[in-house]
Amino acid sequence: MAIDLAGWRVLITGASYGIGRAATKAFVDEGAIVLAVARSKDRLDTLATELGGAARVATFVADVADGPGMEALSQRILAEQGVPDVVVANAGLGMDARFALTGDDAWRAVFEVNVFGVVRTIRPFLPGMVARGSGRILIVSSAVGKRGVPSYSAYSASKFALHGMADALRPELSGTGVTVGIVCPSSTTTSFEEKKLRAGPPQIHVRVQKHSPESVARALVRMARGTRREIVLSPEAKLMNVMNRLAPGVLDRILAKVLVGKT
């Protein structure tokens, strides 16, 4: 029987658009109380109104790239809401640029959000989860966090870092009742694409099908109910992972041809 999420407190970053917005709705539909974190107060207020008000969605304006701001946010949440049952580290920043054209500032910006932002989202709540003896950490990674692809060197590297972080965390949390899961979508039909940092020629886009944010949100809800370590959502990403294990050189040539345009 599925675990009832009614009354659970679920913290979600990047909650005002895309996957985060869809996840907020999905968890509210399950009866959870969502602690929605994003930079835009207007978008958060609109979302809360649509989903039933403050009793269902508590809104918090913060930027995961702002260390002191996130520390203040965590203290406020702990004081007002207590320790969340689930933390969904979703906020992310994309980067579409060839390696040689990705400057230091761009690397820092991507890692500030995608890596340090995840650390700032999770770390403040771990002691309370451990003391309580329960908690679920969910990290939104990417298919390219399993295998890097052309034009996404900074983004891929930042998502790879999340897998290393989760691998280190799991044994540290063994026996505490706190578990860590990672969700790896491929491209999604959200405004994430429009918000990417860019430099030089863009990656050639050839993907036949994209995830809807709602499909990723459903995966997050499923992951919240259990202790599964990881889920890779698209068939093409699963195939890419298999090829990378069995014939990485062949995959290099395929990606060079398909995503870079080399003959």
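Select Leu 11, Thr 13, Val 37, Met 70, Leu 73, Ile 77, Arg 120, Thr 121 and Phe 125: they line the largest cavity. A cavity is a set of points, on a 1 Å grid over the protein atoms alone, where a 1.4 Å probe fits but cannot get out; lining residues have an atom within 4 Å of a point. Colour β1 (9-13), α3 (67-80) and α4 (104-122), the elements that give two or more residues to this lining. Helix α3 gives the largest share, 3 residues. The space inside is about 30 Å³, counted as the volume filled by probe spheres set on the points. The structure holds 1 cavity of 30 Å³ or more.

This is a predicted model: local features need pLDDT of at least 70, side-chain atom pairs pLDDT 80 or more, while totals for chains, interfaces and linings use all residues. Numbering starts from 1 along each chain as its sequence is written, and side-chain values use heavy atoms, without hydrogens and water.

Next, select Glu 30 and Arg 225. They form a salt bridge (a side-chain nitrogen of Lys or Arg within 4 Å of a carboxyl oxygen of Asp or Glu), with the closest N and O atoms 2.5 Å apart. Glu 30 sits in the loop between α1 (18-29) and β2 (33-38), Arg 225 in helix α8, 195 residues apart. The structure holds 12 salt bridges.

Last, find Arg 228 in the loop between α8 (213-225) and β9 (230-232).

Note on methods:
Helix = DSSP H or I, 4+ residues; strand = E, 2+ residues; numbered from the N terminus. 1 Å grid on protein atoms, 1.4 Å probe; cavity = no way out; pocket = protein on both sides within 12 Å on 5 of 7 lines; lining within 4 Å.
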